[in-house]
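The entries below follow the order in which I went through them.

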Amino acid sequence: MNIAVLIKQVPRTDKIKIDKEKGTLIRKGVESILNPYCEYALEAAVAIKKQIKNTKITVITMGPPSAKAVIRRAVALGADEGVILSDKAFAGSDCRATAYALSCGIKKACGTPDIILCGRQAIDGDTAQVPGETAQMLGIPMIPYITEIVSISERSLTVKSEFDNKELTLSADFPLILTVRKGSNNRRMPSLSDAIRAFSYEPEIMSAQEAGCDPEKLGLSGSPTRVVKIVPVAAKGNCRFFNSSDCAEGLAEIKKMIEKNKE
Ligand code: FAD
């Protein structure tokens, strides 16, 4: 089986700050990591590989050459090969242009994979749009937000998918894109020997031309959306503590406060 996993290098969003004057993110000095949801996607691929013989996992990322670090982590965790789509022509790409570049890179690196696994969202961009747009560009179906692969054969699978607080059991034939959410499996540390082996792994660096991209569909010219400004959202809620040891008394206080707020 031929599996592609789309992985994204992201800054640690718990460390990132916003330049309030300029309305931009201050990324300088912030550690980059493999997007946690992409790790769940990779773990799902590794689990399939354990079940289906002759499975090959190719991880693909679009990013700067420094994205080598996340490819190496993926290789340490069980990927067979890694490709970085890296080119100035990709700079300024919004979700649609990113999905276009990825769809070209997937075709070039893997042909038509049976399954393409993605994280449910990236923790920095957070749009969750790239997988759906990639599916549309490749003309294949997508099942989002999967929590479990119930069963799998060489031609099809059945998964549990959870969204809007509903759990669905869905089956589909390959080729297919899946997005994976937290809870589908556990993230783990690679073994020391796998980490050492992956440390010297050199991924393929693929340019826009090598991927067969139309330059007009990349970067700013291929991006119908613009980020005008980033604004930090101020918390509006108030926190009040009720220092009552008597539960009934505490509840009466809370009730009184709610009634007062209604006025
Ligand atoms: P999501 O859609 O939330 O990601 C879901 C999943 O898709 C991921 O878990 C992963 O599996 C896959 N995926 C997403 N991105 C990648 C990737 N790059 N490689 C491999 N797999 C991936 N970014 C810049 O660096 N420079 C810019 O100039 C720039 N301009 C932008 C302008 C606009 C208007 C917008 C909307 C975004 C811009 N971005 C820019 C951000 C860039 O478009 C997003 O990082 C990218 O589209 C991914 O979107 P996301 O982070 O919301 O991913």
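I am working with a predicted model, in which local features need pLDDT of at least 70 and side-chain atom pairs count only at pLDDT 80 or more, while totals for chains, interfaces and linings use all residues. Residues are numbered from 1 along each chain as its sequence is written, and side-chain values use heavy atoms, with hydrogens and water left out.

I noted that strand 10 and strand 11 (residues 166–173) run antiparallel and are joined by 8 bridges; strands are DSSP runs (E, at least two residues) numbered from the N terminus, as are helices (H or I, at least four), and two strands pair if DSSP finds at least two bridges between them. For L157 I read off A172 as the bridge partner in strand 11.

I then turned to strand 9 (residues 142–152), which pairs with strand 10 (residues 156–163) in the antiparallel sense over 5 bridges. A hairpin of 3 residues joins these two strands, and I recorded S161 in strand 10 as the bridge partner of I146.

**S103**

The side chain of S103 reaches the backbone oxygen of Y100 at 2.7 Å. Leaving out residues up to four places away in sequence, I found that S103 touches T134, M137 and L138, with contact meaning heavy atoms within 4.5 Å.

**The ligand**

I found 29 residues around the ligand, of which L6, K8, S93, T127 and A128 come nearest; a residue is near if one of its heavy atoms lies within 4 Å. The residues of this shell divide into 13 nonpolar, 11 polar and 5 charged, with Ala, Val, Leu, Ile, Met, Phe, Trp, Tyr, Cys and Pro counted as nonpolar, Asp, Glu, Lys and Arg as charged, and the others, Gly among them, as polar.

I checked backbone atoms against ligand oxygen atoms and noted a distance of 3.2 Å for G92, 3.0 Å for G119 and 3.0 Å for Q129.

Note on methods: Polar contact = N/O pair within 3.5 Å; in protein donor to acceptor, adjacent residues only side chain to side chain.
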